[in-house]
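Here are my notes on the model you sent over. Have the structure open while you go through the points.

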Amino acid sequence: MPIKYACINDGKNLVSEFPVNEYPHEAATMQKVLSTVPEREYRRQTVEDTHTNYHYLSTGGEASRVFGVVASSDMQARVIFAFLDSVEQGVRNLSPYELQNNSKKLLSSKIEHFNNPANDKISAIQIEIDKAK
């Protein structure tokens, strides 16, 4: 149920991705999905496939950035969009130079954090409830 891949685009141009070259098919498909996102329009969307879903967040506006995630289809959408919001907040005020140099580390740490079920409070509560049954 993990997040497999994440990327940040400046409009239609890839700025950063993580992991690099580990999921080339999924990364290419994500870029195809992101190429269809209308520029300067705020949007959150999921494109579903058999076992993999492609999620994105477009910030809209003049300096539109698009954040993409490839995750297994059993991963909760609320966790995915919390991830996207977290990444967006982490790079919101970065210059293009800072974005290029700091975003891979940010994507890596956010993927690690959001892939850990213990960090999802709702899942943690559900595990506790299941243990009590």
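1. The largest cavity comes to about 30 Å³. A cavity here is a set of points, on a 1 Å grid over the protein atoms alone, where a 1.4 Å probe fits but cannot get out. Grid points are joined across faces, edges and corners, and the volume is the space filled by probe spheres set on the points. Searching the whole structure turns up 1 cavity of 30 Å³ or more. Its lining consists of Gly-11, Lys-12, Leu-34, Val-37, Pro-38, Glu-39, Ser-64 and Val-66, where a lining residue has an atom within 4 Å of a point.

2. A word on the ground rules: this is a predicted model, with residues numbered from 1 along each chain as its sequence is written. Local features need pLDDT of at least 70 and side-chain atom pairs count only at pLDDT 80 or more, while totals for chains, interfaces and linings use all residues, and side-chain values use heavy atoms, with hydrogens and water left out.

3. Now the sheet. Its 5 strands run in the order S2-S1-S5-S4-S3, forming an open sheet with antiparallel pairing. Strands (E, at least two residues) and helices (H or I, at least four) are DSSP runs numbered from the N terminus, and two strands pair if DSSP finds at least two bridges between them. At the edges sit S2 (13-18) and S3 (43-48), each pairing on one side only. From one strand to the next, the twist averages 20°.

4. Which residue stands opposite Asp-10 in S2? That is Asn-13. S1 and S2 run antiparallel and are joined by 5 bridges. Their hairpin has 2 residues between the strands, and Gly-11 takes a positive phi near 70° there. Gly-11 is also one of the residues lining the cavity in point 1.

5. S3 and S4 (residues 52-58) are antiparallel too, with 6 bridges between them. The hairpin that joins them passes through 3 residues. Across the pair, Glu-48 is opposite Asn-53, and Val-47 is opposite Tyr-54.

6. The S4-S5 hairpin leaves 6 residues between the strands, with Gly-60 in the turn at a positive phi of about 70°.

7. Contact means heavy atoms within 4.5 Å; axes are lines fitted to C-alpha atoms, for helices over the stretch in contact, and angles run from 0 to 180 degrees between N-to-C directions.

8. The largest nonpolar core has 21 residues, and Ile-3, Val-69, Phe-83 and Leu-84 have the most contacts inside it. Such a core is a set of buried Ala, Val, Leu, Ile, Met, Phe, Trp, Tyr and Cys residues joined through side-chain atoms within 4.5 Å. S1 (3-10), S5 (65-72), H2 (77-91) and H3 (96-115) each supply at least two residues, with H2 giving the most at 7. Leaving out residues up to four places away in sequence, Val-69 touches a list including Ile-3, Met-30, His-55, Ile-80, Phe-83 and Leu-84. A second, separate core of 11 residues includes Val-33, Val-37, Tyr-54 and Val-70.

9. Finally, some backbone spots to look at. The peptide bond from Phe-18 to Pro-19 is cis, with omega near -10°, and Pro-19 lies in the loop between S2 and H1. Asn-21 lies in that loop too and has a positive phi of about 65° although it is not a glycine. Asn-21 counts as exposed because its relative accessibility is 68%. Arg-40, another non-glycine, has a positive phi of about 60°; Arg-40 is in the loop between H1 and S3 and is exposed, at 51% relative accessible area.

How values were computed
Buried means under 20% relative accessible area, exposed over 50%, partly exposed in between (1.4 Å probe, protein chains only). On a 1 Å grid over the protein atoms alone, a cavity is a set of points where a 1.4 Å probe fits but cannot get out, and a pocket is an open set with protein on both sides within 12 Å along at least five of seven lines; lining residues have an atom within 4 Å of a point.
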